[in-house]
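Me: I have a model open and would like a close look at one part of it. Could you walk me through the salt bridges and their surroundings?

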Amino acid sequence: MASGELNPSHYPAQRAAKVVQHYLNTRYGSPYRLFGLQSVHSGNAEDVAGSERKYQLEISVQEIISNTTEKCSAEVLFLRGEQQRSAQVKTSCEELLKFNTKAQEEALYQQYKMNQSLLSAQHLPDSYGHIEPDMKPLWHLGIVASSFVMLNESSENTLYNMAQVANATQLATENDQLKFDYHVLLHEMVTQEIVHWKLLFTWSPPEGVKVLQMEQLPHCHDCEKPPKTN
């Protein structure tokens with residue numbers, strides 16, 4: 001791995017910057033707040049403490065739903081070793097967090113809570129890349145929950161994108177947290193592999209998304225291919 005100044009368009013800088021996107025979604029993501037990496041302006045990398053590698057980045061991050069973009073500084077620390085550990089991220093994107101989504105989230109929460117039947121959906125998006133408008137919050141919840149997997153699995157040698165929610169099911173719950181069981185497809189861009197994960201998570205406006213279980217599923221040879229990701 002190269003040290004010093006990085007080419008912003010090359011994989012090392014792009015992979016580290018993508019981890020910042022996953023981190024922001026795990027910390028602040030919701031059905032009405034999603035973060036995406038727009039561009040990398042500059043970056044450098046250095047080995048630290050013998051078994052760690054630090055990336056310092058200047059990036060533009062987009063809050064996708066409000067279509068707001070902010071230039072942010074970020075630091076990503078990859079921890080090397082026999083047992084992979086999640087990258088550590090430090091970043092500040094205060095302007096993107098000012099977009100108030102509380103009213104929308106509370107309305108959606110009450111709708112899901114009061115539904116006479118539990119929600120379910122398949123193939124978000126479908127093979128044509130289409131998602132019905134009333135299903136988009138379920139898709140967004142899937143992205144946020146999947147970001148916990150992508151953050152946990154990311155290394156200097158990976159580049160993960162969300163590909164599809166193959167199946168989403170709302171589960172019965174006796175407390176204030178809505179509970180969901182998802183089967184998601186992640187696109188690992190370096191190997192071009194589609195990776196299947198099962199996620200059990202909860203969501204409420206005050207608590208956000210909390211992943212209870214995540215399990216990688218066996219490769220499915222006969223599954224319908226998801227739409228392509230960028």
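Which residue forms a salt bridge with E156, and how far apart are the closest N and O atoms?

Reply: Happy to take you through it. E156 forms a salt bridge with R53, and the closest N and O atoms are 2.9 Å apart; the term stands for a side-chain nitrogen of Lys or Arg within 4 Å of a carboxyl oxygen of Asp or Glu. This pair links distant parts of the chain, 103 residues apart: E156 sits in the loop between α3 (136–153) and β7 (160–171), while R53 belongs to strand β3 (residues 52–63). Both E156 and R53 are buried (under 20% relative accessible area, with exposed meaning over 50% and partly exposed in between, for a 1.4 Å probe and protein chains only). D47 joins in as well, as D47, R53 and E156 are linked in a network of salt bridges.

A word on the basis: this is a predicted model, in which local features need pLDDT of at least 70 and side-chain atom pairs count only at pLDDT 80 or more, whereas totals for chains, interfaces and linings use all residues. Residues are numbered from 1 along each chain as its sequence is written, and side-chain values use heavy atoms, with hydrogens and water left out.

The count comes to five salt bridges. In one of them, the side chains of K198 and D181 meet at 3.0 Å, N to O. K198 lies in strand β9 (residues 193–204) and D181 in strand β8 (residues 178–188), so this pair ties together parts that are 17 residues apart in sequence. K198 is partly exposed, its relative accessible area being 35%. E95 and K98 also pair through their side chains, at 2.9 Å from N to O. Here E95 counts as partly exposed because its relative accessibility is 46%, and K98 counts as exposed at 60%.

Beyond its neighbours within four places in sequence, H22 is in contact (heavy atoms within 4.5 Å) with S147, M150, L151, S154 and Y160.

To place these parts in the whole, the protein has three helices and 10 strands, taken as DSSP runs (helices H or I, at least four residues; strands E, at least two) and numbered from the N terminus. Of its 230 residues, 47% count as buried.
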